[in-house]
Amino acid sequence: MEITAGPDRFAVTALSLRFFSAIVTGQGEYLPGERPRLRATLSSEAVNLDRLPWPSGGPTWAIPTAFLQATDGLLRLDARGLTVGGVAVTDAHATAAMENGQIRLYPVSALTPGGTVAADLRGEVRGQALDVTAEVEIMNIAPRPDEPNKKINGQSLRTSVLVANGTVEAHGVKGNMSLTSPDPLAAAKSLGFGRGGGPAQNPLETTARAAFVLVPGRERSWERLELSGLRAHIGPGEIDGKLVVKNTPVPAVDMDLRLQTLDQDILAALSGLAGPSGDSRPRMPRIDASGRISVDKAALRGVEAKNLVVEGTASRDRVEASSISAEMFGGKLSGRVVAALGDQTNKLTVTAALTGADAAALTDKLLAGPCTVTATAEGEGQTLADLLAALKGRIEAEQNKDPKARKPGEAAFSKIKADIGFKGRPGRPENGPTEAPLSYDVTSNILLAGPGTLREVKADAQTVAAFGQGGVLFGQGKLSGTASLFLPGEKGDRTLPVTFATGFTIDPAKKAFAARNLTLEAAGSKGGGKIEKKGPEEGGKLSGSFEFPDINPRDVLPALGLATPPHTAEGDLRHGRLSFQVAETAGGTEIKGIALNLDDTQATGSVLFRNGLGRPKIDLDISHLDWDRYFPPKTGEVKPKGEGQDDPLPLAKIREYDAEARIRFGWLKKGNVTWKNGHTALSARGGVFSIRHEAADFYGGRFLAELKGDARDVVLKTSLDLQIDGFDAATLLKEWAEGDVLASGGTTFVLAIKTNGLTERALRRNISGSARFQVTRGALKIREPGSSPPAQELPPQTPAAQTAPAAPAAKPAEPKFDLLPFSVLSSSYTAREGVAVTSDFLIDGKDMRVTGSGSVDLRDESIDLAVVATLDSGNKVPATVKGPLEDPKLEIDRNKLVGDMVYRVLKGIITLPAKALGKILFID
């Protein structure tokens with residue numbers, strides 16, 4: 001160093017300093033006087049300012065206000081290869097000028113690997129303080145040829161501007177600052193914050209402002225930096241709050257920040273500070289941090305959360321989010337995350353709970369109602385990739401809701417519980433790509449229960465889940481378990497267990513799944529099939545097909561709580577076959593293409609479930625069905641009078657029925673009555689029901705019956721309309737009412753009644769309505785005196801009741817009849833309060849005319865009828881019919897030949913109302 005000095009001048013004419021590779025050169029002079037002047041020029045190369053021993057601080061700063069007020073000066077600084085704060089500055093230049101208490105650093109420029117920095121700093125002495133204004137331009141150079149901005153060597157130039165103004169005093173600096181930046185993360189990288197990597201694909205334009213306080217330190221040049229009233233706009237979102245940065249041996253930050261929004265773009269931009277996307281090393285914090293961050297709305301990978309709050313701390317060896325809370329999926333999230341960071345390994349522990357969540361939001365509307373989800377996980381690894389690959393834990397989810405609160409379209413389950421375990425799969429390649437998917441073994445136990453037809457499902461599942469850039473992928477899995485189907489019955493409800501097993505695949509990205517090679521077993525019958533659901537792009541519908549090739553009804557009936565009919569032939573109910581398809585439609589889930597074979601009966605059709613597995617709509621075609629083949633009508637059985645008439649009707653059970661059916665048949669026989677080419681329509685919901693039965697061919701005529709009821713009130717209200725036109729009453733009465741009275745005649749029968757009550761007796765008592773029958777151009781059978789009545793067919797003996805073969809019974813003699821032709825046989829009834837009254841009973845024949853009137857009391861099943869028979873000779877024979885409907889008494893004078901003939905005519909007629917009315921009105 002060369003120095004010259006005199007009374008009016010002190011100069012350093014040559015300065016050269018070497019320290020290892022660092023070189024500093026310069027020259028300068030100081031001119032004393034009334035207004036001293038200072039001029040200097042310094043140049044440096046390869047200087048690392050981070051290695052210099054800076055002087056310790058104190059409670060205050062020494063501000064050279066007197067020197068600045070009295071001295072004029074000009075200083076020029078040039079530096080190459082400068083390192084400051086860990087940032088390598090390629091080239092830096094600064095000029096400082098002082099005059100009359102004012103100071104200005106301009107121009108100031110620096111070239112960094114990521115851009116350039118230019119600054120203009122102005123200061124003015126005010127008493128013992130210095131008012132300062134600073135403007136800094138940070139220009140980031142990045143290869144963005146798509147951006148129409150300034151370019152340097154073909155690279156786009158984006159400028160961020162930082163403006164600060166305040167007052168520097170001995171006790172600190174107070175002021176305000178603002179930032180405007182088209183890409184703040186790129187600017188941060190220019191200043192050395194963050195790791196390399198390219199520019200953000202979607203930079204977030206930012207504006208920010210805050211008040212700041214910089215406080216001197218006792219052991220360092222400054223103690224803390226406080227930012228308050230912070231308010232920033234980052235892209236479309238906002239952030240506000242405060243920060244305190246402490247200049248301790250390990251710098252520390254206390255924060256209380258609120259973000260308006262947090263989305264994938266913001267996270268992707270922030271990730272640029274941590275390093276390139278391929279760098280999976282855990283980032284050891286350079287500072288200690290603590291405080292609270294809240295987010296009004298976060299949306300990450302399709303998952304939205306509101307009022308997200310994270311409180312915690314971070315240090316070099318531990319990061320802990322001690323409290324996490326949010327509102328998501330309609331519920332409340334709470335949890336805790338701890339990461340222990342070490343030199344050799346890192347440990348991660350996560351606990352979380354989501355309560356009161358909406359299952360519809362969690363399952364894409366597959367389920368509905370409130371639910372609770374808890375999760376725990378832990379992992380250990382040297383790198384972040386290793387830690388995530390070794391992650392293991394458990395997720396438990398449960399849903400409970402009132403079955404009555406189920407809405408249309410929701411699954412018919414009131415309880416759903418799932419216990420899911422996961423464990424990282426070993427075998428991740430050590431030198432493989434860091435973006436390779438993470439794979440986990442997944443096991444789960446699932447329970448579904450509810451009041452619907454599908455009462456309960458218990459299942460176990462195993463699969464492999466992989467998490468990669470494309471989302472979650474599932475490998476081929478296995479599923480097995482049992483399901484219980486609810487079967488209502490008159491003598492008690494039952495559940496039918498069904499076991500199942502299948503392999504399955506799930507594609508969450510496409511919202512699709514498939515279960516193939518599905519095996520089912522229920523009630524001794526085995527079947528198989530498949531079921532799958534396509535993604536929305538392919539229609540998003542459920543479809544499947546099933547087949548049970550060999551069904552033994554004699555095994556199925558006991559499982560359904562039914563006994564094999566005792567009179568069933570040995571070869572009947574031995575073989576059956578069932579196949580059907582499953583399809584999801586706009587109206588619900590449809591079981592279609594049903595093909596059922598039972599003995600020689602065939603049934604085809606479909607069943608539509610409109611609300612989950614509730615309210616079925618049945619549509620079937622049956623070739624023929626002989627109900628009497630399996631359940632022969634009982635003969636000779638006499639029900640005790642009044643038995644069960646005071647038992648309350650099952651109104652609650654009726655209200656539970658929720659179904660709709662339409663069944664067509666080619667031929668149907670029940671109770672010795674045959675219908676051809678008919679159909680039955682049934683509807684029941686909420687206690688309101690209707691049954692309509694029609695047949696185009698009913699003994700040569702047409703048949704229509706409709707029963708309606710309403711059980712919503714405290715009593716059952718019901719009505720019955722029956723109309724049979726142009727049928728052969730002779731054949732029907734013989735087969736149905738066991739009355740061999742008519743030989744021929746076309747018949748019309750019409751019945752319309754209403755009633756209400758809580759018991760059968762009340763229903764009888766409240767019957768009102770009308771009935772009418774008419775037989776035209778027919779003939780009556782008049783049994784000859786001494787002729788035996790027709791024999792009744794008895795049911796065959798069961799094998800247990802058979803003994804040694806007996807001699808064949810003698811065939812009973814056929815009864816002998818006389819025929820009495822007539823033109824009209826008719827009567828009409830009007831019923832009120834359980835009593836049916838007639839005044840137009842008529843038999844109009846060529847040889848005899850019978851008229852009468854009376855009543856039938858349906859309350860106690862009795863008849864009181866008075867008739868008069870007028871012969872073609874003009875003789876009149878009165879008669880009365882009184883007594884119970886089952887066995888009324890006919891009173892007539894039979895001493896004369898005419899009286900005996902009339903007796904034989906009326907005896908056959910009066911027995912018909914008892915049997916016919918009993919079958920029409922009081923069938924169980």
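Visitor: What makes strand E28 and strand E29 a pair, and in which sense do they run?
Guide: This is a predicted model. A pair needs at least two bridges. E28 (residues 477-487) and E29 (residues 494-507) have 11 bridges, in the antiparallel sense. Therefore they count as paired.

Visitor: Why is Thr95 called buried?
Guide: Buried means under 20% relative accessible area. Thr95 has 18% relative accessibility, so Thr95 counts as buried. Thr95 lies in strand E6 (residues 87-99). Leaving aside neighbours within four places in sequence, its contacts include Leu74, Arg76, Leu105 and Tyr106.

Visitor: How many cavities of 30 Å³ or more does the structure hold?
Guide: The structure holds 1. The largest cavity has a volume of about 50 Å³.

Visitor: Which strands supply at least two residues each of the lining of the largest cavity?
Guide: Strand E15 (237-246) and strand E16 (252-263) do. E15 gives the most, with 3 residues.

Visitor: What makes Glu238 the charged residue in the lining of the largest cavity?
Guide: Glu counts as charged. Glu238 is in the lining, together with Ile234, Gly237, Ile239, Leu259, Thr261 and Ile266. The lining residues divide into 4 nonpolar, 2 polar and 1 charged.

Definitions and conventions
Residues numbered from 1 in each chain as written. Predicted model: local features only at pLDDT ≥ 70, side-chain atom pairs only at ≥ 80, totals over all residues. Heavy atoms only, no water. Helix = DSSP H or I, 4+ residues; strand = E, 2+ residues; numbered from the N terminus. Buried < 20%, exposed > 50% of the residue type's maximum accessible area, 1.4 Å probe, protein only. Contact = heavy atoms within 4.5 Å. 1 Å grid on protein atoms, 1.4 Å probe; cavity = no way out; pocket = protein on both sides within 12 Å on 5 of 7 lines; lining within 4 Å. Points joined across faces, edges and corners; volume = space filled by probe spheres on them.
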